Amino acid sequence: MKFDKERLFWVHEPESYKIGDDRIVITTAPETDFWRRTYYGFCHDNAPALLIKTDERYFSFGVRTDFNFSKRFDQCGIMIYQNEENSVKVGVEYHNEREQWLGSVVTNNGFSDWATTIIPPQQDHMYLRVSRRESDFLIENSADGVNYNQMRITHLCEGGGEINIGLFACSAEDGSFDAVFTEFGFTDCKWEAHK
């Protein structure tokens, strides 16, 4: 399956973006994010996500994202978006001049969780990969696009049939930046069956 630009659709189309065959750029707007309830109590569902539908049950989807964050909570990466209450986002997020966060948010039945690890502030790109085995997902990252590290395995409650997967970028506070996506596409599932 191809990440065919003719089949792409937006959740919350941004004001500024460019879609090419090999390069996609999303310019974020301030105060945009995806988050539901947990700890903070608030619900945000206004960030742009460029998605494609698939009912393939076993695949991997990967991308290289390049970023030049400007403000706290600027972020970009891969998104699975079923609806406001059920989604997965994985990416890099700016925290401060000393660190960035490599992380993932899984939202099941209206409640988000957040798993993070610290990466250096000078990191300006990351390879991300999500592999699907029915309604379970393996999330990985790589600095070089060759050697991948597991970030988490998760279940998506509404992830068993057709899913919407693609790219997202947002600026949860007062930032704005260009998220650049290249080397995106589907492959056979890189997540081997457990034996």
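## Pockets, cavity and salt bridges in a predicted model

Phe-59 sits in strand 7, which covers residues 58-66. The structure described here is a predicted model. With a relative accessible area of 4%, Phe-59 is buried, because buried means under 20%. Between the C-alpha atoms of Phe-59 and Thr-187 there are 6.0 Å in space, although the two residues are 128 apart in sequence.

Thr-154 belongs to strand 14, residues 149-155. Thr-154 and Trp-10 are 144 residues apart along the chain, and their C-alpha atoms are separated by 24 Å.

**Largest pocket**

The volume of the largest pocket is about 330 Å³. Its lining consists of 21 residues, and those closest to the pocket centre are Asp-33, Phe-73, Gln-75, Glu-93 and Trp-114. Strand 9 (86-96), strand 10 (99-108) and strand 11 (111-119) are the elements that give two or more residues to this lining. Strand 9 provides the largest share, five residues. Sorted by class, the lining of the largest pocket holds 11 nonpolar, six polar and four charged residues.

Trp-114 is also part of a nonpolar surface patch, together with Tyr-39, Tyr-40 and Phe-42. The accessible area of the four residues together is about 470 Å². Tyr-39 is placed in the loop between strand 4 (34-36) and strand 5 (43-45). Tyr-39 counts as exposed, at 75% relative accessibility.

**Cavity**

One cavity of 30 Å³ or more is present in the structure. Among the residues that line the largest cavity are Phe-34, Trp-35, Arg-36, His-44, Asp-45 and Glu-84. At least two lining residues each come from strand 4, strand 5 and strand 8 (74-83). The most, three residues, come from strand 4. The lining of the largest cavity divides into three nonpolar, four polar and three charged residues.

**Salt bridges**

Side chains of opposite charge can pair when their charged atoms come close. The count for this model is 12 salt bridges.

| Pair | N to O distance |
|---|---|
| Asp-33 and Lys-89 | 2.7 Å |
| Arg-36 and Glu-84 | 3.8 Å |
| Lys-71 and Asp-174 | 3.4 Å |

The salt bridge of Asp-33 and Lys-89 has a distance of 2.7 Å, N to O. Asp-33 lies in the loop between strand 3 (23-27) and strand 4, and Lys-89 lies in strand 9, so this pair ties together parts that are 56 residues apart in sequence. Asp-33 counts as buried at 10% relative accessibility, and Lys-89 counts as buried at 5%.

In the salt bridge of Arg-36 with Glu-84, the closest N and O atoms are 3.8 Å apart. Because Arg-36 lies in strand 4 and Glu-84 in the loop between strand 8 and strand 9, the pair ties together parts 48 residues apart in sequence. Arg-36 counts as buried at 8% relative accessibility, whereas Glu-84 counts as partly exposed at 42%. A network of salt bridges links Arg-36, Arg-37, Glu-84 and Glu-85.

The side chains of Lys-71 and Asp-174 meet at 3.4 Å, N to O. This pair links distant parts of the chain, 103 residues apart: Lys-71 is in the loop between strand 7 and strand 8, and Asp-174 is in the loop between strand 15 (163-171) and strand 16 (178-187). Lys-71 counts as partly exposed at 34% relative accessibility.

Methods
Residues are numbered from 1 along each chain as its sequence is written. This is a predicted model: local features need pLDDT of at least 70, side-chain atom pairs count only at pLDDT 80 or more; totals for chains, interfaces and linings use all residues. Side-chain values use heavy atoms; hydrogens and water are left out. On a 1 Å grid over the protein atoms alone, a cavity is a set of points where a 1.4 Å probe fits but cannot get out, and a pocket is an open set with protein on both sides within 12 Å along at least five of seven lines; lining residues have an atom within 4 Å of a point. Grid points are joined across faces, edges and corners, and a volume is the space filled by probe spheres set on the points. Helices (H or I, at least four residues) and strands (E, at least two) are DSSP runs, numbered from the N terminus. Ala, Val, Leu, Ile, Met, Phe, Trp, Tyr, Cys and Pro count as nonpolar, Asp, Glu, Lys and Arg as charged, and the others, Gly among them, as polar. Patches are made of residues with over 30% relative accessible area and no salt bridge: like charges are joined within 9 Å, nonpolar side chains (Val, Leu, Ile, Met, Phe, Trp, Tyr) within 5 Å. Accessible areas come from the Shrake-Rupley method with a 1.4 Å probe; for residues, only the protein chains shown count as cover. Buried means under 20% relative accessible area, exposed over 50%, partly exposed in between (1.4 Å probe, protein chains only).
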